Amino acid sequence: MNENGHNILSVDGLRTQFATEDGVVKAVDGVSFELRKGETLGIVGESGSGKSVTSLSIMRLIQEPPGKIAGGKITFDGTDLLSLPMNDVRKLRGKRIAMIFQDPMTSLNPFLKISTQLTEVTRLHLGHNAQQARDHAIKMLKLVGISDAEERMDGYPHELSGGMRQRVMIAMALSCDPELLIADEPTTALDVTIQAQILELIKELKDRMGTSVILITHDLGVVAGMTDRVIVMYAGKVFEIAPTAELFKRPANPYTRGLLRSVPDPEHERGVPLYQIPGQPPDVANLPPGCSFAPRCERAEDICRSEFPPFVEIDPGHHSLCHFAQEVFKEA
Amino acid sequence: MIPMALLVVSLTWGLIRIAPGNFYSTERKLPAAVEATIRAKYGLDDPWYKQYATMMSNVVRGDFGDSLKYQGQTVNEIIWRHLPYSATIGILAYLFALIVGLGAGTYAALKQNSILDFGPMSLAMFGLSIPNFVLAPVLVMIFAFWLYALPPARWGGFSSLILPVITLGAIYAAYIARLTRAGMLEVLRSDFIRTARAKGLNDRTVLLRHAFRGGILPVISFTGPALAALLAGTVVVEKVYALPGLGDIFIKAVLNRDEPLVLGIVAFLSILIMAFNLIVDISYGFLDPRIRYE
């Protein structure tokens, strides 16, 4: 991959665990990737694959206990985030690294005015006084396409629709002009037309402000339209990393291939059942030996059930965690 | 609210009537002539609906008449004379309960599942399980008879208020602490708190600005009735500490079958309770914009 100088963020062997009654759940288990400046990186996976935990780990927002970052290294613009004192982490959060969450209905504080929630960020990080912060907040609301910004400022979140709330979230996240924006399923809770608008907005603002973006989603359609590179996660591990176009054309991992096949195709013949990956996502507290996808994998052989697969480089920048990565890649 | 108060008064009146005996059924039998005069004066020979109508029309005008026991004093005078004692203790106990309860509850929520959580919460459980007629003598024994630090009873100066206030407020402090902890834990788990943290706000701001309002909502709905109960429910405490408050006079009135006085106090307290509930409902709207009325 790229040399370090161009990376805004590098995650190296991140391991995040949760202590539960059933034992230690390795929600993220040895995840590594880099994010280049100005790049949009997609992280896809099913629920429980560890994609959200990865992003929360970068923000140091894992609740301790029960959670714990058990190992690895996260470097943001030369700073080691995991060894940083909490006070300094807070100075980065919201200012240089910002985050948008999945559910705009619950992610805004229902008890506080929009203005309070927007202005507190810039007052904290940019030292704005009340008036500056208010002006800036109105500017940000207009930027995200809220036309009656002045009136909305004194309203409460429950007066806004889901799409509007997510716009407010985006305005809030971008108000300090962060270098890195983590969007954790920003459109999952919205209906499809609003989804497209919000994604378009993120894309446009990202280009204008030069922000690097990590886009977490389970929607492959979103990934295709938005990202430069994609990480596919499964059971807390990176199963495949590839440039977006290549991943869609030539996946080198049976899991990715399964995901791509399960996207419904408009030309799909009626009466023929849609494809789905057989079985359920694994219980990350009790992973099988060998490859964690093996029980569901149509291509699995004996070696998959006994030996942990290698992380193979297929092409420059295209890696896959599979015993048969080369074969799968060639089949495509 | 007003129909409710009238209903309470009616029920109380009915209950006093149903209970056997009355103010005049003393140990020593009154001469028949005397009793007849009294019955005539208070209209006790009238049919019940007529008595009820007379009573109601007086009550509606805020006139509860004279006390039977304390001759020549109106019920209103007696209530206003004794209210300040109960109110002082009640309000101080309320403040004590709020400060201790909110503080301990919030603190415990922040230190969830640590010794700093279990400590205050066990104490709260302890406080909830001890009836105040047990707590009062224990406190008196320790602070008055062993340490000689505080007076054991009677009205007189601030130091004489400390033990009654603690005795009265302890249960409420414990209850508020538990409600606060539960409410705060619920709110601290919510998504918008994560958003607030993601903005880089420090723990104090997250707690005070973002979590507190939502976290104390369950406490608010409890505090209205609690304040009324504190003003009204000082009976035991006033008895133990020999304080001349409303609770004390209420018990005496019931024992004496002093019907106008009982009615007056009941009406007064029920209006008080309803008023506090109303205040709570209104303050809900200020705390939670989602339930603000148009």
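Student: Before we start, how are the residues and chains labelled, and what does the model count?

Tutor: Residues are numbered from 1 along each chain as its sequence is written, while chains are lettered from A and ligands numbered from 1 in the order in which they are written. Because this is a predicted model, local features need pLDDT of at least 70 and side-chain atom pairs count only at pLDDT 80 or more, whereas totals for chains, interfaces and linings use all residues.

Student: OK, what is chain B built from?

Tutor: Chain B has 13 helices and zero strands, where helices (H or I, at least four residues) and strands (E, at least two) are DSSP runs numbered from the N terminus.

Student: And what is its radius of gyration?

Tutor: For chain B the value is 24 Å, whereas a compact globule of 294 residues would have one near 19 Å; the radius is taken over C-alpha atoms, and the globule rule is 2.2 Å times the number of residues to the power 0.38. Along the principal axes, the C-alpha trace of chain B spans about 85 × 60 × 30 Å.

Student: How does chain A come out on that rule, and what elements does it have?

Tutor: Chain A has 13 helices and twelve strands. Its radius of gyration is 21 Å, close to the 20 Å that the rule gives for 332 residues, so chain A is as compact as a globular protein of that length.

Student: Which residues of helix 11 in chain A are buried, and what covers them?

Tutor: In helix 11 (residues 254-261) of chain A, the buried ones are A:Pro254, A:Tyr255, A:Thr256, A:Arg257 and A:Leu259. Their cover includes helix 9 (220-226), strand 9 (229-234), strand 10 (237-243), helix 10 (244-249) and helix 13 (325-331) of chain A.

Student: Switching to strands, what order does the open sheet of four have?

Tutor: The order is 2-1-4-5 in chain A, with antiparallel pairing, and two strands pair if DSSP finds at least two bridges between them. Strand 2 (23-36) and strand 5 (79-80) stand at the edges with a single partner strand each, so one side of each has no neighbour in the sheet.

Student: How many bridges join strand 4 to strand 5 in chain A?

Tutor: Strand 4 (residues 67-76) and strand 5 of chain A pair over two bridges, and A:Asp80 in strand 5 is the bridge partner of A:Thr75.

Student: Where does chain B touch chain A?

Tutor: On the chain B side, helix 8 (191-198) and helix 9 (203-215) each supply at least two residues, and helix 8 gives the largest share, seven residues. In total, 19 residues of chain B are in contact with 22 residues of chain A, with contact meaning that C-beta atoms, placed from the backbone, lie within 7 Å.

Student: What classes are those chain B residues?

Tutor: They divide into six nonpolar, six polar and seven charged residues; Ala, Val, Leu, Ile, Met, Phe, Trp, Tyr, Cys and Pro count as nonpolar, Asp, Glu, Lys and Arg as charged, and the others, Gly among them, as polar.

Definitions and conventions:
Contact = placed C-beta atoms within 7 Å. Buried ≥ 20, exposed ≤ 12 C-beta atoms within 10 Å, placed from the backbone.
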